[in-house]
Amino acid sequence: MYAIFENGSKQYKVSVGDLVKVEKLNAEIGATVQFPVILTADEKGIQVGKEVDKVKVSCEVVAQGKEKKIIVFKYKAKKNERKKQGHRQPFTQIKVTAIGAPAAKKAAPKKTAAEAKAE
């Protein structure tokens with residue numbers, strides 16, 4: 001089974017147990033975060049749209065960090081213009097723990113009128 005979820009204007013295809021680097025999240029290491037699902041697929045078939053409205057991807061935050069540095073060099077020929085910059089994109093690494101609808105809370109059974117009078 002796999003699911004596709006969206007974070008930071010990017011879509012990620014994940015299965016349970018996958019490690020994924022996503023856009024930086026304000027979450028502590030070890031915290032649980034949930035993402036709404038766009039698409040799920042399993043042996044029953046593919047589900048999208050209203051079929052996956054309540055489905056969530058539950059993930060655990062494993063690490064916070066920065067990517068490898070990239071060099072941005074801007075240059076204009078014959079003008080003696082040069083600009084050198086470095087950039088390190090921050091990320092959050094997450095581990096997918098579950099894919100599915102959030103656990104429904106079981107409501108206490110309703111009491112009948114006779115039971116209510118007995119109390």
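Modeller: A patch is made of residues with over 30% relative accessible area and no salt bridge, nonpolar side chains (Val, Leu, Ile, Met, Phe, Trp, Tyr) being joined within 5 Å. This is a predicted model, in which local features need pLDDT of at least 70, side-chain atom pairs count only at pLDDT 80 or more, and totals for chains, interfaces and linings use all residues. Residues are numbered from 1 along each chain as its sequence is written, and side-chain values use heavy atoms, with hydrogens and water left out.

Biologist: What is the area of the nonpolar surface patch made by I71, F73 and Y75?

Modeller: I71 lies in strand β7 (residues 70-76), strands being DSSP runs of E with at least two residues. I71 has 53% relative accessibility and counts as exposed, a class that requires over 50%, whereas buried means under 20% and partly exposed lies in between (1.4 Å probe, protein chains only). Accessible areas come from the Shrake-Rupley method with a 1.4 Å probe. Together, I71, F73 and Y75 make a patch of about 350 Å².

Biologist: How far apart are the closest N and O atoms of K10 and E23?

Modeller: A salt bridge requires a side-chain nitrogen of Lys or Arg within 4 Å of a carboxyl oxygen of Asp or Glu. K10 is partly exposed at 39%, and E23 is partly exposed at 22%. In the salt bridge between K10 and E23, the closest N and O atoms are separated by 2.6 Å.

Biologist: Why does the K10 and E23 pair tie together parts that are apart in sequence?

Modeller: By the salt-bridge rule, the count is one. K10 belongs to strand β2 (residues 10-14) and E23 to strand β3 (residues 19-23), so the parts tied together are apart in sequence by 13 residues.

Definitions and conventions: Helices (H or I, at least four residues) and strands (E, at least two) are DSSP runs, numbered from the N terminus. Patches are made of residues with over 30% relative accessible area and no salt bridge: like charges are joined within 9 Å, nonpolar side chains (Val, Leu, Ile, Met, Phe, Trp, Tyr) within 5 Å.
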